[in-house]
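I opened this notebook to record how the secondary-structure elements of the model are arranged. The entries follow the order in which I looked things up.

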Amino acid sequence: MNKPPLVTHWPITPPTAGIVAYAAASMRRKLHPSSIPPWPVPFDSSAELDWGNPEYASRLLREHLDQSHDGASRRRTVVAGQVRRLRRLLPSSPARILDAGCGPGLYAVPLAALGYSVTGVDVSEAALRHARGVARQAPLLGKVRFVKGDLRSVPMEPESFDAALLVYFVLEAFPRAEQPEVLRRIANALTPDGTLIAELRLRPEQPPGRIDWWDVVPNSLLSDRRHLLLGDAVYDQRRHTYVLREIAIHDDGSVSVQQTSGWLCPFGSIPRLFARAGLPNVVMFDAWTGSAAHALSETVLVVARRRRP
Ligand SMILES: C[S@@+](CC[C@H](N)C(=O)[O-])C[C@H]1O[C@@H](n2cnc3c(N)ncnc32)[C@H](O)[C@@H]1O
């Protein structure tokens, strides 16, 4: 969610010592700066952002809705163009659409306004509350509903959706081992000729290696108080992982840490990942354009169907 890269270091072997002490300190919520591992570890559960954690809820919602950057969600002008593109790829309304990892409903609500019957699922109660409020004002209640649930466990009726969405790199936030299961659960919820549209990143917006930066900020995802914010991003091209870590240091010396990790499926492996989940018919576009994706695309829009071509 933060940008400006200043310093790069690479390659240095990421150390693992100290991680156990760090995890314990995180749990006790008394972090000492020197106990923070020098390198972020992908999918380290003691530091990984829990999108459903109420402690982060209002700050995460602020990031989702902030129109000065494309942080947790994109800006409304960008979303509007993407909804137009989705309309060309989705079955015609009134199809039933699952918006998996819907956040504050920025796609679900306009799709409902176009006549679709939309179900948004997310772990964040604050984002869902916002989405419900917008839907109520539209008024679109009856066309769209929002359900709190984890995509790894939320009950989904088999063959209950004509299409599903995984927009803004929702899939990569699951570790490599979990991605097929998340896809399989969504595939099972689709009708036999249903469509899944998934947005995947092939690489982050930085070269392989490590980029660090710092700033003094009035607030951030970690705090509403003015603090020193350290940013640390590591893209391991060989392991296809990307970690963006943030460390906040307050005037009273208290420290907090959060990170988001991604496993970025290599371009050539995407059809296999989807086929393993029961979606063997895959077309890939270069981002949100109508052009075919290629290995140098930064992001791809995967349109996957259960039926074989
Ligand atoms: C990058 S945001 C994208 C939100 C939305 N798709 C958009 O583009 O506005 C990722 C979303 O996935 C949700 N999320 C993260 N882990 C999840 C999980 N295990 N199950 C369901 N939703 C999850 C987060 O709460 C967040 O709203």
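I call a residue buried if 20 or more other C-beta atoms, placed from the backbone, lie within 10 Å of its own, exposed if 12 or fewer do, and partly exposed in between. Helices (H or I, at least four residues) and strands (E, at least two) are DSSP runs numbered from the N terminus. The model is predicted: local features need pLDDT of at least 70, side-chain atom pairs count only at pLDDT 80 or more, and totals for chains, interfaces and linings use all residues. Residues are numbered from 1 along each chain as its sequence is written.

Entry on helix α6. I looked up residues 179-188 and found Gln179, Val182, Leu183, Ile186 and Ala187 buried. They cover an arc of only 135° around the axis (taken from the directions from the helix axis to the C-beta atoms), which puts them on the same side of α6. I then asked what covers these residues; the cover includes β2, β5, β6, β10 and α7, with contact meaning C-beta atoms, placed from the backbone, within 7 Å.

Entry on the sheet. I read an open sheet of 7 strands with mixed pairing, in the order β4-β3-β2-β5-β6-β12-β11; two strands pair if DSSP finds at least two bridges between them. β4 (144-148) and β11 (281-286) stand at the edges with a single partner strand each, so one side of each has no neighbour in the sheet.

Entry on β3. I noted that β3 (residues 117-122) runs parallel to β4, joined to it by 5 bridges. Thr119 has Arg145 of β4 as its bridge partner.

Key
Contact = placed C-beta atoms within 7 Å.
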